[in-house]
Amino acid sequence: MVSIINELMLPVLIVVILILSQSIKMVNEYERVVIFRLGRLSGVKGPGIFLIIPFIDKALKIDLRIVAIDVPKQAIITKDNVTVEVDAVVYYKVVEPGAAITQVENYMFATSTLSQTTLRDVLGQMELDELLSERENINKKIQELLDAYTDPWGIKVTGVTIRDVALPESMKRAIAKQAEAEREKRARIILAEGEYQAAQKMKEAATLYQGLPVAIKLRELQTLAEIAKEKNLIVVTQQSQDMQTGNIAALSQAIVGKKME
């Protein structure tokens, strides 16, 4: 009798160990398990250790960490009929594991496909200049749309980044010409502003000289001295200044003579 009991204990012990191994589940801090009992949603468990009923409960593990989707290049025609190729990165995470399992067949594939179509829809309503200059606003708009679309699936879209905008060669040349014309325009404006400021200063100087004849005479003598430095031999002055011409000529000759020494 004892030998029969011993023979039965071993299979029972194996069955008990098998059941316990199937009953005890453990998941990490960033994971959750969705439990289906006889086909019906029973709840979400985790993190840590918990028990399920073997052969009756079905457990599906969900990762709650942020996932990055690499949206491949999309050929998009902008509102002003320019074809560009745009790729982007979308960041999302699961916030309701039960909804992510029960509301959509494959939430990863669905989110990726929805990201591609939303990217084309949003950029197709914009002109090229807007696409190139307002990326932050475009990223935010796409994120808000994706977040609203995926909310029933228990998905939270945390960020969208347009990575690259590839332009056709003809459009690159046109943009380069536009940039060159803009630089030339700014250079001409700066030059004209400089001439205007110089004219203003000359006007102020002329007004100042008009009120001080002695000052303009000193300026004239300074000019003659500068001419003399260049070894010019002829100095022309106004006839009305006969009384001073001799002094000026003498001054010029003195300067020239000094330089020749």
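Which strands does helix α3 lie across, and at what angle does the helix run to β6? The model is predicted. Helix α3 spans residues 107–123. The helix lies across β6, β7 and β8. Its direction is at about 35° to β6.

Now take the sheet itself. It is open and is formed by 3 strands. Their order is β6-β7-β8, and the pairing is antiparallel. The edges are β6, residues 67–77, and β8, residues 155–166. Each of these edge strands pairs on one side only. From one strand to the next, the twist averages 25°.

Look next at β7, which covers residues 83–94. Strands β7 and β8 pair in the antiparallel sense, over 10 bridges.

Step back to the whole chain. It has 8 helices and 8 strands. The chain contains 261 residues, and 26% of them count as buried. Consider contacts with a separation of 6 or more: 63% of these in the chain come from residues 24 or more positions apart. The accessible surface of the chain comes to about 18300 Å². Carbon and sulfur atoms account for 58% of that surface.

Conventions: Residues numbered from 1 in each chain as written. Predicted model: local features only at pLDDT ≥ 70, side-chain atom pairs only at ≥ 80, totals over all residues. Heavy atoms only, no water. Pairing = 2+ DSSP bridges. Helix = DSSP H or I, 4+ residues; strand = E, 2+ residues; numbered from the N terminus. Axes fitted to C-alpha atoms, helices over the stretch in contact; angles between N-to-C directions. Contact = heavy atoms within 4.5 Å. Buried < 20%, exposed > 50% of the residue type's maximum accessible area, 1.4 Å probe, protein only. Areas by Shrake-Rupley, 256 points an atom, 1.4 Å probe, with all protein chains shown as cover.
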